[in-house]
Amino acid sequence: MNWFGNDAPDESVLEPIDAANPLIPESDGIFQNRRNQIAIYPGTTIDAISDLTLEPVPGGLLIRATGRAATQGPFNARLTPSNEDELPEDGVLTYQLQAQYTQITGGAPETREVIVARTLTDQELSGTRTIRVEGLQNALERRR
């Protein structure tokens with residue numbers, strides 16, 4: 001007997017439960033290929049680095065880099081690690097300040113400036129003594 005006073009259902013009429021949810025469609029649609037592709041960042045290294053600041057945050061460090069592009073219109077800027085594993089080499093963790101560009105020429109120096117920040121955890125910083133950010137014309141580094 002169950003709670004409602006009825007007899008329990010016969011075990012022979014129960015269907016096995018599938019592991020797959022029938023309400024979720026199979027992953028063979030047009031978006032499956034995009035999900036498995038690795039995104040390649042199309043940016044190029046910025047002209048010059050004008051400032052590099054390291055700020056401690058809870059559980060890690062905030063890296064803030066300021067750079068100036070050679071032409072106007074930089075966007076989608078980021079700090080790209082110089083090696084694939086993003087591991088320090090001889091205690092130096094190196095990044096390149098990169099950006100994408102629109103086809104605009106000229107402009108005041110202030111319109112060519114970009115500021116990018118990146119947070120790293122204490123675990124990601126293990127073995128790192130120096131942070132280095134590179135541009136085409138110069139590089140700045142700061143000790144932790």
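Student: Which residue of E8 is the bridge partner of isoleucine 131?

Tutor: In E8, isoleucine 131 has arginine 142 as its bridge partner. This is a predicted model, in which local features need pLDDT of at least 70, side-chain atom pairs count only at pLDDT 80 or more, and totals for chains, interfaces and linings use all residues. Residues are numbered from 1 along each chain as its sequence is written, and side-chain values use heavy atoms, with hydrogens and water left out.

Student: What makes strand E7 and strand E8 a pair?

Tutor: Two strands pair if DSSP finds at least two bridges between them. E7 (residues 130-134) and E8 (residues 139-143) share 5 bridges in the antiparallel sense, and therefore they meet the definition of a pair. They form a hairpin with 4 residues between them.

Student: What makes a stretch of the chain a strand or a helix?

Tutor: Both are DSSP runs, numbered from the N terminus: a helix is H or I with at least four residues, and a strand is E with at least two. By this rule the chain has 1 helix and 8 strands, in the order α-β-β-β-β-β-β-β-β from the N terminus on.

Student: Which strands form the open sheet, and what makes some of them edge strands?

Tutor: The open sheet has 3 strands in the order E2-E3-E6, with antiparallel pairing. Strand E2 (48-57) and strand E6 (113-121) are the edge strands, as each pairs on one side only. From one strand to the next, the twist averages 15 degrees; such angles run from 0 to 180 degrees between N-to-C directions, with axes fitted to C-alpha atoms. E2 is joined to strand E3 (residues 60-68) by 9 bridges, and leucine 52 has alanine 65 as its bridge partner in E3.

Student: Why is aspartate 47 called buried?

Tutor: Buried means under 20% relative accessible area, exposed means over 50%, and partly exposed lies in between (1.4 Å probe, protein chains only). Aspartate 47 has a value of 18%, so it counts as buried. This residue is found in the loop between strand E1 (44-45) and E2. Contact means heavy atoms within 4.5 Å, and the residues that aspartate 47 touches beyond four places in sequence include Arg68, Gly135 and Asn138.

Student: Is threonine 128 buried or exposed, and how do you know?

Tutor: Its relative accessible area is 6%, so threonine 128 is buried. The residue lies in the loop between E6 and E7. Leaving out residues up to four places away, threonine 128 touches Pro88, Gly91, Leu93 and Arg144.

Student: Why is glutamine 72 called buried, and with which side chain does its side chain make a polar contact?

Tutor: Glutamine 72 has 19% relative accessibility, so it counts as buried. Its side chain and that of threonine 111 make a polar contact at 3.2 Å. The definition asks for a pair of N or O atoms within 3.5 Å; within protein, one must be able to donate a hydrogen and the other to accept it, and residues adjacent in sequence count only if both atoms are side-chain atoms.

Student: What makes a group of residues a nonpolar core, and which members of the largest one touch the most others?

Tutor: A nonpolar core is a set of buried Ala, Val, Leu, Ile, Met, Phe, Trp, Tyr and Cys residues joined through side-chain atoms within 4.5 Å. Of the 18 residues in the largest core, Ile63, Leu79, Tyr95, Leu97, Ile131 and Val133 touch the most other members. E2, E3, strand E5 (92-101), E6 and E7 each give two or more residues to this core.
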